[in-house]
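Colleague: Could you walk me through this one? I am still new to reading structures, so please go slowly.

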Amino acid sequence: MRAWLLDDFAGLNALRLADSHPRPTPAHGEVLVRVRFAALNPADRFLAENLYPARPRLPHILGRDGMGVVESVGEGVTAFKPGDRVAVLRGEAGVSKPGTFAEFVVVPQESLAPAPSGWSDREIAAAPLVYVTAYQALNQWGPLEDMTVLITGVSGGVGIAALQLARTYGHKVIGTTRGLAKRQRLTELGVELLLDPADDDFRAKVKEFTAKRGVDLVVDNIAGPLFNVVLDTLAYAGRVSVVGMLAGFVPDFNTARLLFKRTRIGGVLVTDYAAEESQRVWKEIVRRLNAADQRPIVDSVFPFEELRGAFDKLAAGPFGKVLLGVHT
């Protein structure tokens, strides 16, 4: 089978396209999926750059989620049969096990979900990891209703997922994106205040929007210098769910900033969900999106041979998910 192989933890330049990599065989409880679309995630790049706490055997196949069709099943598999359309949920695919940047991938049956009715193949591929991540970011602090949520990098994969899910809870959403060129589409999706992270009046505009109260929850995909700015916008007992660090490390972070507002900061890690919990969360996500007549948003689909170009698009700041077309 064709597969993108990572030969060294030296970055994406260590990827090579192999035309005759051995096709995997499903063991007991496993399913062989013929991949149609694979989704790109920043964590793929981090793993390739040796910045992720996983050391899979090389050569490794990246790609953590996507969708496809069941090709065959191993012994003991009762939930799926050949021909079923499935979503690849979070698990070890693309982390410690070979992932979805290949024509075929083997996945435990508990890490697969039936394709949601009425969703296109591309919509399914765009959803699993980012929406489960966004769900955890919104809910890890317990039930919080009628919040004001600030989402940094709101036009990215997790950003749009968090925006759509936040709106299903009735939350008001403030978003950040570079240049504001995506304003109209983000406003249509429900962002009520859109800010450029370089805006000198960032804090004042959030203060005015929240009637001086501040933000209840920040879903932070960016980190970098903006992190200290968004901390200043928090209400008393405000929370920060840390998803990513696309802008790099936070400079000059002073822990005293947390004291007087009782600010709480917590990392988001979808692998903390056991398989059963991931399945429950996925069903709730699909239910909420369907009830709101919303679907995952795909920015672009790249041919299988153009994986590096797809990663360039991801780094440039897409509107929604970047996908790799495998069997299209």
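Predicted model: local features only at pLDDT ≥ 70, side-chain atom pairs only at ≥ 80, totals over all residues.

Colleague: How many salt bridges does the structure hold?

Modeller: There are 18 salt bridges in the structure. One of them joins the side chains of R2 and E103, at 3.8 Å from N to O. R2 lies in the segment before β1 (3–6), whereas E103 lies in the loop between β5 (85–88) and β6 (104–108), so this pair ties together parts that are 101 residues apart in sequence.

Colleague: Changing topic, what is the strand order in the open sheet of 6 strands?

Modeller: The order is β10-β9-β8-β11-β12-β13, and the pairing is parallel. At the edges are β10 (191–195) and β13 (264–267), each of which pairs on one side only. From one strand to the next, the twist averages 20 degrees.

Colleague: What joins β8 to β9 there?

Modeller: These two parallel strands are joined by 4 bridges, and T148 stands opposite K172 in β9. Together with helix α4 (residues 157–168), β8 and β9 make a right-handed β-α-β unit. A right-handed β-α-β unit is also made by β9, helix α5 (residues 183–189) and β10.

Colleague: How many residues of β9 are buried?

Modeller: In β9, 4 of the 5 residues are buried, and the strand is described as mostly covered.

Colleague: Which strands does α6 lie across?

Modeller: Helix α6 (residues 202–209) lies across β8, β9 (172–176), β10 and β11, and runs at about 165 degrees to β10. Helix α3, for its part, lies across β8 (148–151), β11 and β12, running at about 150 degrees to β11.

Colleague: What about the inside, how many residues does the largest nonpolar core have?

Modeller: That core has 51 residues, and those with the most contacts inside it include Y131, L165, W282 and I285. Helix α3 (residues 128–139) gives the largest share of this core, with 8 residues. Apart from this core lies another of 45 residues, among them A14, L15, V70 and V105.

Colleague: Which residues is L165 in contact with, leaving aside its neighbours within four places in sequence?

Modeller: L165 is in contact with Y131, A134, Y135, L138, I285 and L289.

Colleague: Last one: in which sense do β14 and β15 pair?

Modeller: Strand β14 (residues 298–303) and strand β15 (residues 321–325) pair in the parallel sense, over 5 bridges. Between them the chain passes through helix α9 (residues 307–316), and this β-α-β crossover is right-handed.

Technical notes:
Residues numbered from 1 in each chain as written. Heavy atoms only, no water. Pairing = 2+ DSSP bridges. Right-handed = clockwise from strand over helix to strand, strands pointing away. Core = buried A, V, L, I, M, F, W, Y, C linked by side-chain atoms within 4.5 Å. Buried < 20%, exposed > 50% of the residue type's maximum accessible area, 1.4 Å probe, protein only. Contact = heavy atoms within 4.5 Å. Axes fitted to C-alpha atoms, helices over the stretch in contact; angles between N-to-C directions. Salt bridge = Lys/Arg side-chain N within 4 Å of Asp/Glu carboxyl O.
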